[in-house]
Amino acid sequence: MSGGARTQVGQLARRSVLRTLRQPAQIAPALVFPLFLLAVNTGGLKDATNLPGFPTDSYLTFALAVPFMQGALFSVMNSGTDLARDIETGFLNRLALTPLRGAALLSGLLAGSVVLGLIQAATYLAVGLIAGADLAAGAGGALVIVALSVTITVAFGTIGLFAALRTGSGEAVQGLFPLFFVVLFLSSMALPLDLLQTEWFHDIAAANPVSYLLGAFRSLLIEGWELDELALGFGIALAILAIGMVAASSALRTRLVRT
Amino acid sequence: MSPRPASGWTVARAVAWRSIHNFLSNPAFLAPGILFPLFFFVSFAGGLSAIGDVPGFGFPSGYTAFQFVFVLLQSAAFGGVFTGFGIARDFETGFARRYLLAASSRGGIVAGYTLAALARAAITWAVLTAVALVAGMQVDGGGLDVFGLYALAVAVNLAATMWAAGVAMRVRSIQGGPLMQFPVFLVLFLAPVYVPLDLLSGWIHTVASVNPATALLESGRGFISGQPELVALAFGCGLALAALFALWARGGLRRAEAAG
């Protein structure tokens with residue numbers, strides 16, 4: 001990366017991080033809501049561990065994977081809403097008058113997602129372990145969990161950027177939340193794939209990439225170092241990141257031409 | 001000769017008609033109210049059906065009916081919350097102030113919103129019930145039991161509408177949305193959502209044991225399985241909450257009147 005590009009990314013990253021940290025209304029729901037659902041689901045579905053074939057005797061350990069995914073959903077909303085606000089206020093148009101490169105803009109905007117992803121991952125993991133969840137992969141596994149969580153958060157953040165650039169509307173980005181919520185629920189979120197008895201639901205969950213992202217977290221929490229599941233999880237996250245960046249770059253070019 | 005002032009009923013009908021027309025003619029208002037409960041029903045009944053095999057579960061009508069009752073009562077509550085959003089929007093656009101100026105009976109305004117909330121919930125219930133029956137839901141209760149179940153849902157809808165209306169008329173902005181929504185979400189999910197109360201343990205059992213939503217849920221599940229239980233307690237809780245939040249809504253109306 002050249003010095004100029006580094007400066008561009010650095011300035012925008014700083015702005016993105018500060019903007020995220022200065023908005024408790026963005027951070028608080030992303031921390032509180034997933035932990036609340038974790039507490040409720042762990043209490044309500046504790047007896048699921050009595051089902052034959054359930055992989056652990058701690059539902060908390062099994063469910064601890066879910067907040068990382070819910071946190072990533074908040075990243076879609078936050079990164080998308082921030083960019084949409086820049087479009088609505090005309091800030092993006094002013095940036096378009098500078099020699100700023102598109103890739104620098106997108107990378108800089110994702111810096112806020114990286115910071116939020118780190119805060120989320122550390123909080124979820126700490127709360128989960130304090131509450132009694134197991135971590136079969138040990139301290140090294142904790143680092144990989146944080147790395148996977150941040151990768152997924154940034155990957156989902158690119159989808160938020162794409163939505164903002166396509167629509168130019170914060171309200172439209174917010175409207176994506178239910179859609180992502182549906183994708184999360186139609187996965188192996190509450191029970192392992194093998195225990196999903198309803199055939200059509202099992203088929204949808206088996207085809208849903210979110211099930212394998214959850215599987216990567218669970219492999220570290222429940223089983224230890226399962227390299228196949230980790231590779232699948234990181235592979236899917238990086239694929240989403242690549243597709244999201246290409247789509248967002250294309251949408252950015254279209255928007256800049258339009259303006 | 002000055003025209004005779006409209007009665008409370010006339011005001012209520014006019015407000016209800018406008019609110020119903022608004023959400024029926026705008027898919028952005030109608031769709032979430034119908035799609036969210038359907039989505040929860042599909043996710044819970046489809047994705048968690050194995051929970052019905054947990055030792056000690058023993059709900060005679062099956063897991064689909066068990067979850068149907070939760071989603072029915074949830075949709076009743078959210079029918080009220082979404083109407084609260086509409087009230088807040090009316091204040092933001094200034095329309096509610098015109099209501100306050102024009103209506104001789106201001107209680108009729110709240111009554112109108114309440115009727116609209118009920119109509120909204122009834123549409124959702126019709127769709128939800130049809131989908132559940134097509135999905136093979138087992139209903140072991142008789143006609144009177146089914147009537148009891150929907151009567152409980154009406155009480156929940158009334159209570160939630162009064163709560164949301166009270167918030168909306170105090171905050172008078174859609175920014176009060178989370179305040180209307182989150183407590184309802186909290187109360188519903190701190191009840192026995194996935195398994196009966198007996199199978200819960202620890203802090204969630206303690207909280208669920210004193211949560212009025214538990215009585216409503218357990219009674220509703222008793223109705224659908226043809227083994228009514230906690231009927232007096234459930235209706236007592238539902239109507240007491242509705243009465244309590246009606247006072248809250250009346251206070252909100254007074255605040256809105258004072259704000260001008």
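Visitor: Let me start with one residue: is Ala231(A) buried or exposed?

Guide: Ala231(A) counts as exposed, because it has 11 C-beta neighbours inside 10 Å; a residue is exposed if 12 or fewer other C-beta atoms lie within 10 Å of its own, buried if 20 or more do, and partly exposed in between, with C-beta atoms placed from the backbone. Please bear in mind that this is a predicted model, in which local features need pLDDT of at least 70 and side-chain atom pairs count only at pLDDT 80 or more, while totals for chains, interfaces and linings use all residues. Residues are numbered from 1 along each chain as its sequence is written, and chains are lettered from A and ligands numbered from 1 in the order in which they are written.

Visitor: Which helix does Ala231(A) lie in?

Guide: Ala231(A) is part of helix H13 of chain A, which covers residues 227–258; helices (H or I, at least four residues) and strands (E, at least two) are DSSP runs, numbered from the N terminus. Its C-alpha atom is separated by 8.0 Å from that of Ala216(A), a residue 15 positions away along the chain.

Visitor: And how many helices and strands are there in chain A?

Guide: Chain A has 13 helices and 0 strands. Its radius of gyration, taken over C-alpha atoms, is 19 Å, close to the 18 Å that the globule rule (2.2 Å times the number of residues to the power 0.38) gives for 259 residues, so chain A is as compact as a globular protein of that length. The C-alpha trace spans about 60 × 40 × 35 Å along its principal axes, and 45% of the 259 residues count as buried.

Visitor: What about H4(A), why is it said to be largely enclosed?

Guide: Because 21 of the 25 residues of H4(A) are buried, this helix is largely enclosed by the rest of the structure. H4(A) runs over residues 65–89, and its end C-alpha atoms are 37 Å apart, which agrees with the 36 Å that it should span at 1.5 Å a residue, the expected span being 1.5 Å times one less than the number of residues. After H4(A) comes Gly90(A), with a positive phi near 90 degrees.

Visitor: Changing topic, how many residues of chain B are in contact with chain A?

Guide: In chain B, 22 residues are in contact with 19 residues of chain A, where contact requires that the C-beta atoms of two residues, placed from the backbone, lie within 7 Å. The largest share of that side of chain B, 4 residues, comes from H2(B).
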